[in-house]
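Thanks, everyone. I will go through the confidence of this model and then one of its sheets.

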Amino acid sequence: MKTLVLLCIILPLDAKQRFTQEGVNISLIHSSNQSGSDLRSQSVSADLTGHTLTIEFNEDIGKAHISITNNYGVHIESETVYSTPDCFIFTIRDTGIYRIEIIASNGEQYSGNFRIEN
């Protein structure tokens with residue numbers, strides 16, 4: 001249990017450090033069947049082009065809830081995906097730093113940080 005708590009603390013900081021070079025890096029932060037060796041998500045990917053964020057589910061993870069918050073923790077967008085694989089597109093109007101969190105019905109949780117610039 002201590003390892004899982006440590007991962008939840010370290011991964012968002014690591015993703016925040018990398019997001020300026022790579023765009024959006026979605027990482028698996030919790031899974032009921034997680035082995036601990038591969039924390040990079042193969043199930044969910046993201047692409048950021050200008051103010052458009054595209055989330056793609058590459059395999060069936062069941063129902064999933066997507067939430068986007070700004071740097072201050074204010075909820076900006078949310079969507080519930082009822083059938084995956086699927087793709088969702090969000091348009092984020094304001095510049096700034098944002099966080100995306102995805103919680104799937106199969107117990108997996110994903111997160112990532114990204115920046116919108118002019």
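A term before the numbers: pLDDT is the predictor's confidence in each residue, from 0 to 100. What you see is a predicted model, where local features need pLDDT of at least 70 and side-chain atom pairs count only at 80 or more, while totals for chains, interfaces and linings use all residues. Residues are numbered from 1 along each chain as its sequence is written, and side-chain values use heavy atoms, with hydrogens and water left out.

The protein has an average pLDDT of 75, and 70% of the residues score at least 70. Helices (H or I, at least four residues) and strands (E, at least two) are DSSP runs, numbered from the N terminus. Confidence is highest in strand 4, residues 64-70, at a mean of 95, and lowest in helix 1, residues 2-22, at 37. Over residues 1-22 the pLDDT stays under 50; the model has 23 contacts (heavy atoms within 4.5 Å) for them beyond four places in sequence. Residues 34-40 are also below 50, with nine contacts beyond near neighbours in sequence.

Now the sheet. Two strands pair if DSSP finds at least two bridges between them. Three strands form an open, antiparallel sheet in the order 2-3-6. Strand 2 (44-49) and strand 6 are the edges, each pairing on one side only. Strand 2 is joined to strand 3 by six bridges, and T49 stands opposite T52 in strand 3. Between strand 3 (residues 52-57) and strand 6 there are five bridges; there, T54 has I89 of strand 6 as its bridge partner.
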